[in-house]
Amino acid sequence: MNMTAEINNKQLKTENEIITKLEKAHMLKEYYIALDHANLDWLPEDVQKVEDMWKSGLHVEEIAKNIKRSEKDTFLLIYDRLELGEIKARKGGIFGNE
């Protein structure tokens, strides 16, 4: 083995050892995952229904009842769609056209 290959092998071994140590340290940490208890899976047709009801001015509580989901999960979907620009903010916010 030539000198360059030997240096490269040593460097690779050192880099692999560092990566392994970092991976182990990362796995030992405990993380808090926000909203882990929320149901954030939505069917495309339900997303469309929520968007339509939002645009028609319904209160978030009424939207949630119509799609048989919690207000929390419905609010989080609405928040997501607002952040992505898929729906627009409205005068009444989550309370709709009361």
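Trainee: At roughly what angle do the axes of α2 and α3 cross?

Mentor: Two packed helices are described by the angle between their axes and the distance between the axes. In this predicted model, the axes of α2 and α3 cross at roughly 145 degrees and come within 10 Å. The crossing of α2 and α3 is right-handed.

Trainee: Which residues make that contact?

Mentor: Helix α2 contributes Lys49, Val50, Met53 and Trp54, while α3 contributes Ile63, Asn66 and Ile67. By class, five residues of the contact of α2 with α3 are nonpolar, one is polar and one is charged.

Trainee: How do α3 and α4 pack?

Mentor: Helix α3, residues 60-67, packs against helix α4, residues 71-83, at an angle of about 110 degrees, with the axes 9 Å apart. The angle therefore makes α3 roughly perpendicular to α4. On α3 the contact is made by Val60, Glu61, Ile63, Ala64 and Ile67, and on α4 by Glu71, Thr74, Phe75 and Ile78. These residues divide into six nonpolar, one polar and two charged.

Trainee: What does Val60 contact beyond its neighbours within four places in sequence?

Mentor: Val60 is in contact with Glu71, Thr74, Phe75, Ile78 and Ile94.

Trainee: Which residues make up the largest nonpolar core?

Mentor: In soluble globular proteins, nonpolar side chains tend to be buried together. Here the largest nonpolar core has 11 residues: Trp42, Val47, Val50, Met53, Trp54, Val60, Ile63, Ile67, Leu77, Ile78 and Ile87. Helices α2, α3 and α4 each supply at least two residues of this core, and the largest share, four residues, comes from α2.

How values were computed: Residues are numbered from 1 along each chain as its sequence is written. This is a predicted model: local features need pLDDT of at least 70, side-chain atom pairs count only at pLDDT 80 or more; totals for chains, interfaces and linings use all residues. Side-chain values use heavy atoms; hydrogens and water are left out. Axes are lines fitted to C-alpha atoms, for helices over the stretch in contact, and angles run from 0 to 180 degrees between N-to-C directions. Angles under 35 degrees count as roughly parallel, over 145 as roughly antiparallel, 65 to 115 as roughly perpendicular and the rest as oblique. Contact means heavy atoms within 4.5 Å. Ala, Val, Leu, Ile, Met, Phe, Trp, Tyr, Cys and Pro count as nonpolar, Asp, Glu, Lys and Arg as charged, and the others, Gly among them, as polar. A nonpolar core is a set of buried Ala, Val, Leu, Ile, Met, Phe, Trp, Tyr and Cys residues joined through side-chain atoms within 4.5 Å. Buried means under 20% relative accessible area, exposed over 50%, partly exposed in between (1.4 Å probe, protein chains only). A crossing is left-handed if the near helix is turned anticlockwise from the far one by less than a right angle, and right-handed if clockwise.
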